[in-house]
Amino acid sequence: GSRHLYLHQHFWCPSTHFQGVINFQNHFLAKDSDVIVASFPKSGTTWLKALTFSILNRQRFSSSHNHPLLTSNPHELVPFLDFIFHGDNIHDKLSHLSNMTEPRVFGTHLPFPSLPKSIKESSCKIVYICRNPFDTFVSLWIFANKINPHSMHELTIEEALEKSCKGIVGFGPTWEHMLGYWRESIANPNKVLFLKYEELKEDANFHVKRVAEFLDCPFTKEEESNGVIENIIKLCSFQKMKNLDVNKSGTVGRNLEKKYLFRKGEIGDWVNYFSPAMIEKLSKTMEEKLSGSGLSFKTCS
Ligand code: A3P
């Protein structure tokens, strides 16, 4: 394929993102009011972007008819810092960014240690979403083969898992990625909120409230009784988002087909793809990499 990985500051950076990542690291200036949605790819980024945007803007768009999520993809409303700065005209981009409505919301796949100083040192907040590595791997495998049909012929699923377990995957190693944010969320709970895809699916109401509290905009009793939380959850649900015209066709970011962002949205689909040997491989790797960290996943083997 045309996409390669560069080992950059201890993570594997896709060649397609390299210039954008370097510029982001060198030029982005965080504001204290910024909110960063961070994730490893295929962990539920699109979903958390939609939820975070809706939570923060619920007063601006209180009538659901004109909600921007009905006519824009979450990645348009919450752009990735990793490729905002791709290409030239950094100065224009910086001035555009400094004029954005606050609070600004951005996405990133960078591991915590690689985030620019201004994000770490300002009081901006980071919400991180993590998904069990079995489903994340399957979601990525299928996604990668859709965006690059040649990749299926380059690597079998077993080989892709071997590579992934060695850490060689875009923005990987996966374990380093999750552990970096996990540790920071423990050391600095006002800075990083660590969410799990599975928990968000099981009890969206509870976790949406947690996000709002973390972002210093808790729901009022009145909002709760008016069904504001339920409306946000419905608007951002997999079925709703997948079936919106705006998400059915066209591209977002750097030529990404929007329809590929919404596949099944389920927990445990990995059982349809993993052989017993693959289960053993990933289970062992996770035990090795995550044991003692306090981070674990319910739905794995
Ligand atoms: P599957 O491939 O298992 O279906 P990301 O947004 O980080 O790229 O993650 C993509 C995964 O999140 C895909 O998983 C996708 O279907 C799922 N997803 C997308 N929108 C979702 C939503 N609103 N609710 C739950 N899952 C969603």
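Reader: Which atom of the ligand is 2.8 Å from an N or O atom in the side chain of tyrosine 197?

Author: A nitrogen atom of the ligand sits at that 2.8 Å distance from the tyrosine 197 side chain. A polar contact here is a pair of N or O atoms within 3.5 Å; within protein, one must be able to donate a hydrogen and the other to accept it, and residues adjacent in sequence count only if both atoms are side-chain atoms. An oxygen atom of the ligand is 2.7 Å from an N or O atom in the side chain of arginine 263, and an oxygen atom of the ligand is 2.7 Å from a polar backbone atom of glycine 265. Of the 570 Å² of accessible area that the ligand has on its own, the protein covers 97% (Shrake-Rupley method, 1.4 Å probe).

Before we go on, a word on the source: this is a predicted model, where local features need pLDDT of at least 70 and side-chain atom pairs count only at pLDDT 80 or more, while totals for chains, interfaces and linings use all residues. Residues are numbered from 1 along each chain as its sequence is written, and side-chain values use heavy atoms, with hydrogens and water left out.

Reader: Thanks! How many residues surround the ligand?

Author: A residue counts if one of its heavy atoms lies within 4 Å of the molecule. Here 17 residues surround the ligand, and the closest are Thr45, Thr46, Ser139, Lys264 and Gly265. Helix α2 (residues 45–56) gives the most to this shell, with three residues. Helices are DSSP runs (H or I, at least four residues), numbered from the N terminus.

Reader: Now to α17: which of its residues are buried?

Author: Buried means under 20% relative accessible area and exposed over 50% (1.4 Å probe, protein chains only). In α17 the buried ones are Met278, Leu282, Thr285, Met286 and Leu290. Down the helix axis they fall within an arc of 105°, so they line one face of α17 (the arc is that of the directions from the axis to the C-beta atoms). The face turned away from that buried side carries the exposed residues Pro276, Ala277, Lys284, Glu287 and Glu288.

Reader: And serine 118: is it buried or exposed?

Author: Serine 118, in helix α6 (residues 117–121), is buried, with a relative accessible area of 18%. Contact means heavy atoms within 4.5 Å. Leaving aside neighbours within four places in sequence, serine 118 is in contact with Phe28, Leu29 and Ala30. A polar atom of the serine 118 side chain lies 3.2 Å from the backbone oxygen of phenylalanine 28.

Technical notes: Helices (H or I, at least four residues) and strands (E, at least two) are DSSP runs, numbered from the N terminus.
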